[in-house]
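The following exercises are to be worked through with the sequence and the structure at hand. Each task is followed by a solution in steps.

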Amino acid sequence: MEERRRVNACPRLWNSAFLDRDGKVYACCHYLPQAMGDIHDASLEQIRDGAAASELRRAALSFGTACFDSCSILTDDERDAAASLDGTDARPLERLHVLFGEGCRLACVMCNQDHHSAEMLDSELVLRNATPDADTAIEIQGGEPLQLRESRKYLAAIMKKGWAPTIITNGLQLDGPLGDEVVRGCARVKISLNAATRATHEAVNRGSSWDRVIGNIRNAVKLKRTLPRAARLVGRMTLVPQNLHETGAFMRLCLDLGMDAVEYGYDARTVPSALGRDPEMLRKLKDEVRAAHADCGSHISIQIHRLAAIGLWSAE
Ligand code: SF4
């Protein structure tokens, strides 16, 4: 029991919160392990200090968090942090992730959200009942945050306060005055390109326009270079069977575009099994990733832990 307790409790139960569009609070954006409360009924602080959250932490310390071993979110540092968890009190809020709604013009192949949904979390409610700590990293996701009325209102309000959030966007509306404001006021803009070529991008991000998104990224890079302080521009690629062949090339694209960082994710329903069925493809992709990393790794920050989790990267 002691050994399990040391390795399997998710630290996000102690230091993170994810707000869904219905106001419910979870440890993370996978809606796990279960809701701790609802910001319509209580403040986030009360919820994190409340009985339901304490009970989830107590259970995690005693039995582990069931989703821990297969988790595609936690970094290696967070996994290591599980060993130092003790007591059921909430720790300072390191991350507040907010999903205002699922509305989006695209229908990406790996996305199971309701793109036509008009349901949205009220930005005023979030400002009132989910106040972050001074050092909390706020991340706004969707749906498409630059499309949804409430996330745009929230973004404007918190940037006015001087808080610099991270947004995850499909990049289509990262243009005009809104795009400039976001580049000026956010800490990070993560753009879900999900491919290194037009054909794959438009096949995965169904409904997107490669030219428009790449044009917006080029403009954002140009603006950023004129500013003393601006958002870090991060290229995001969620791996699916349709884009796996561009995993290494994606690093080169982000470097060529002048972005600051590369992040990978993967579709847990399809990618591990696709790689497991085809050891030859796995070996080829791993070689390509290693070569791309050798060429790009000293020029651009590359978050590699999720590639390691699916066998596409190893330290040697
Ligand atoms: S282990 Fe992963 S999926 Fe489970 S609650 Fe923690 S971050 Fe979420």
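**Exercise 1.** Determine how the residues of the shell around the ligand divide by class.

*Solution.* The shell divides into 10 nonpolar, 2 polar and 1 charged residues. Here Ala, Val, Leu, Ile, Met, Phe, Trp, Tyr, Cys and Pro count as nonpolar, Asp, Glu, Lys and Arg as charged, and the others, Gly among them, as polar. In total, 13 residues surround the ligand, and the closest are Cys-10, Cys-28, Leu-32, Cys-67 and Cys-71.

The model is predicted: local features need pLDDT of at least 70 and side-chain atom pairs count only at pLDDT 80 or more, whereas totals for chains, interfaces and linings use all residues. Residues are numbered from 1 along each chain as its sequence is written.

**Exercise 2.** Locate the cis peptide bond that joins Leu-32 and Pro-33, and state its omega.

*Solution.* Omega of this bond is about -10 degrees. Pro-33 lies in the loop between strand S2 (24-26) and S3. Strands (E, at least two residues) and helices (H or I, at least four) are DSSP runs, numbered from the N terminus. Tyr-31 is also found in the loop between S2 and S3; its phi is near 60 degrees, a positive value in a residue other than glycine.

**Exercise 3.** State which strands stand at the edges of the open sheet.

*Solution.* First, the order of the 10 strands is S3-S2-S1-S4-S5-S6-S7-S8-S9-S10, with mixed pairing. Two strands pair if DSSP finds at least two bridges between them. Strand S3 (37-38) and strand S10 (301-303) each have a single partner strand, so they stand at the edges, and one side of each is left without a neighbour in the sheet. Next, S10 pairs with strand S9 (residues 261-266) in the parallel sense over 3 bridges. Glu-263 stands opposite Gln-303 in S10.

**Exercise 4.** Describe how helix H11 (residues 247-257) packs with helix H13 (residues 279-296).

*Solution.* Two packed helices are described by the angle between their axes and the distance between the axes. For H11 and H13, the angle is about 20 degrees and the axes are 7 Å apart. Axes are lines fitted to C-alpha atoms, for helices over the stretch in contact, and angles run from 0 to 180 degrees between N-to-C directions. H11 is therefore roughly parallel to H13, since angles under 35 degrees count as roughly parallel. By class, their contact has 8 nonpolar, 3 polar and 3 charged residues.

Key. A residue is near a molecule or strand if its C-beta atom, placed from the backbone, lies within 6 Å of it. Angles under 35 degrees count as roughly parallel, over 145 as roughly antiparallel, 65 to 115 as roughly perpendicular and the rest as oblique.
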